[in-house]
Structures are given as structure tokens and as C-alpha cells.
Amino acid sequence: MKITVDEEKCCGAGQCVMIAPEVFDQRDEDGIVVLLDAAPPADRHEAVRESAGVCPAAAIHLGEGA
């Protein structure tokens, strides 16, 4: 799995951080998503998929690859 985030779309809701804190964080100054791990291990894929699914701005994009 390869993750990318669109910071321009991010509205700072923080759902991704609550679901997958090992993969996502937020900037202190504006709450915009920070990607901590663009290629997380398989045991985190389910949480990452859930994070992408609940993102109100559709700012998290998932792809195949390492």
C-alpha cells in the first residue's frame, strides 16, 4: 500500500489521526494532515482504508506498491 495525502483538500477534521495515529498526524498550527508513514506495514492497512473512507474531504489516496 502506498498512501498520498492532498494537503490542499484537507479540512483538519482529524478522523484519520484518531483511527490510525501511527500513520497520520496533524500540524499544530492549522490541523492539516501530516503523513507519518507513506508505506505502512500490512497490519495497519485496514485502519488506513477506514481513515481514507471517513475523510470528509477525500484527501487521503491509496495505491498499490511498497
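This is a predicted model: local features need pLDDT of at least 70, side-chain atom pairs count only at pLDDT 80 or more; totals for chains, interfaces and linings use all residues.
Trainee: How many helices and strands are in the protein chain?
Mentor: Two helices and four strands. Both are DSSP runs numbered from the N terminus: helices are H or I with at least four residues, strands are E with at least two.

Trainee: In what order do the elements run from the N terminus?
Mentor: β-α-β-β-α-β. The radius of gyration is 11 Å, close to the 11 Å from the globule rule for 66 residues, so the chain is as compact as a globular protein of that length. That radius is taken over C-alpha atoms, and the rule is 2.2 Å times the number of residues to the power 0.38.

Trainee: Switching to α2. Which residues there are buried?
Mentor: H45, V48, S51 and A52, in a helix spanning residues 45-54. They sit on the same side of α2, because they cover an arc of only 120° around the axis. The arc uses directions from the helix axis to the C-beta atoms. Buried means under 20% relative accessible area, exposed over 50%, partly exposed in between (1.4 Å probe, protein chains only).

Trainee: And what is exposed on the other side?
Mentor: E46 and G53.

Trainee: What covers the buried residues?
Mentor: The cover includes β1 (2-5), α1 (15-19), β2 (24-26) and β4 (60-63). Contact means heavy atoms within 4.5 Å.

Trainee: What share of the whole chain is buried?
Mentor: 30% of the 66 residues.

Conventions: Residues are numbered from 1 along each chain as its sequence is written. Side-chain values use heavy atoms; hydrogens and water are left out.
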